[in-house]
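Colleague: I have the sequence and the model open. Can we walk through some local details, one at a time?

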Amino acid sequence: GSVPAGLDGIQVVERKLKVTTRYGGRFLQSINGISGSLTSQRDWFFFINGVEGDRSATEVTLHPGDVIWWDYRRWSGASMSVPVVLGAYPEPFIHGFPGKTSVVSANHKLAAQIAAQVRGVVNAVTPPRNFIVIGGKLPPQTARIKRFRSGALLELGTAVAERLARDPHALRFRY
């Protein structure tokens, strides 16, 4: 739901759901009765504009248009850190890692459609902060995103890119 800008990450969720906190109110313990657990190694993590939080959510002030996503998951192994998520597209490229995004594809029309969604450019000449690569050797139904240098790299199979060109929210809430 929508909340006013200027709140911190925990205040935002408190406006909409029942929460408990720990460590002096700096970290979320539970949302609607689903609690973090040392035994199960599960906890609540947050993303702002698709980028994993790197501090307490009380230290983050949301601005107009920001999107916060709370995620309940294990904090061991491969899930210990999920630096950026597909399901927030196009936010990581607009607000998460602001700066130039270069969209690279043999299909210029498709690249231009995706570039328009992220305020990017096709085949940037100057070094961009972010990259979106369409096609190549990636299977058509595949999409993956990761931190890359000081920004993000999104790799899209052609079928996924075509779906995103029609609906920029087609990957909503997916890792």
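Modeller: Start with Arg119, which sits in the loop between helix 3 (108-117) and strand 8. Helices (H or I, at least four residues) and strands (E, at least two) are DSSP runs, numbered from the N terminus. This is a predicted model, where local features need pLDDT of at least 70, side-chain atom pairs count only at pLDDT 80 or more, and totals for chains, interfaces and linings use all residues. Residues are numbered from 1 along each chain as its sequence is written, and side-chain values use heavy atoms, with hydrogens and water left out.

Colleague: Is Arg119 buried or exposed?

Modeller: Buried means under 20% relative accessible area, exposed over 50%, and partly exposed in between (1.4 Å probe, protein chains only). Arg119 has 62% relative accessibility, so Arg119 counts as exposed.

Colleague: What is phi of Arg119?

Modeller: Arg119 is a residue other than glycine, yet its phi is positive. The value is near 55°.

Colleague: Asn32 has a positive phi too. Where is Asn32?

Modeller: Asn32 is not a glycine, and its phi is about 45°. Its relative accessible area is 46%, so Asn32 is partly exposed. Its place is the loop between strand 2 (27-31) and strand 3 (34-35).

Colleague: Which peptide bond is cis, with omega near 10°?

Modeller: Look at Pro90, in the loop between strand 6 and helix 2 (91-96). The cis bond is the one from Tyr89 to Pro90.

Colleague: What is the order of the open sheet of 3 strands?

Modeller: Two strands pair if DSSP finds at least two bridges between them. In this sheet the pairing is antiparallel, and the order is 5-4-6. Strand 5 (51-52) and strand 6 (68-74) each have a single partner strand, so one side of each is left without a neighbour in the sheet. That puts two strands at the edges: strand 5 and strand 6.

Colleague: Which residue is the bridge partner of Asp43 in strand 6?

Modeller: Strand 4 (residues 42-48) pairs with strand 6 over 7 bridges, in the antiparallel sense. Across from Asp43, the partner is Arg73.

Colleague: Is Ser102 buried or exposed?

Modeller: Ser102 lies in strand 7 (residues 101-104). Its relative accessible area is 3%, so Ser102 is buried.

Colleague: Which backbone nitrogen lies 3.0 Å from a polar atom of the side chain of Ser102?

Modeller: Contact means heavy atoms within 4.5 Å. Leaving aside neighbours within four places in sequence, Ser102 is in contact with residues including Val121, Asn123, Pro128 and Phe131. The nitrogen at 3.0 Å belongs to Ala124.

Colleague: How many bridges does strand 7 share with strand 9?

Modeller: Strand 7 is joined to strand 8 (residues 121-122) by 2 bridges, running parallel. There, Val103 has Val122 as its bridge partner. Strand 9 (residues 130-134) also pairs with strand 7 in the parallel sense, with Val104 bridged to Val133. The count for strand 7 and strand 9 is 4 bridges.

Colleague: Last, the largest pocket. Which element gives the largest share of its lining?

Modeller: A pocket is, on a 1 Å grid over the protein atoms alone, an open set of points where a 1.4 Å probe fits, with protein on both sides within 12 Å along at least five of seven lines; lining residues have an atom within 4 Å of a point. Of the 19 lining residues, the closest to the centre are Gly1, Ser2, Val3, Val12 and Ile68. Helix 1 (9-16) and strand 6 each give two or more residues. The largest share, 3 residues, comes from helix 1.

How values were computed: Polar contact = N/O pair within 3.5 Å; in protein donor to acceptor, adjacent residues only side chain to side chain.
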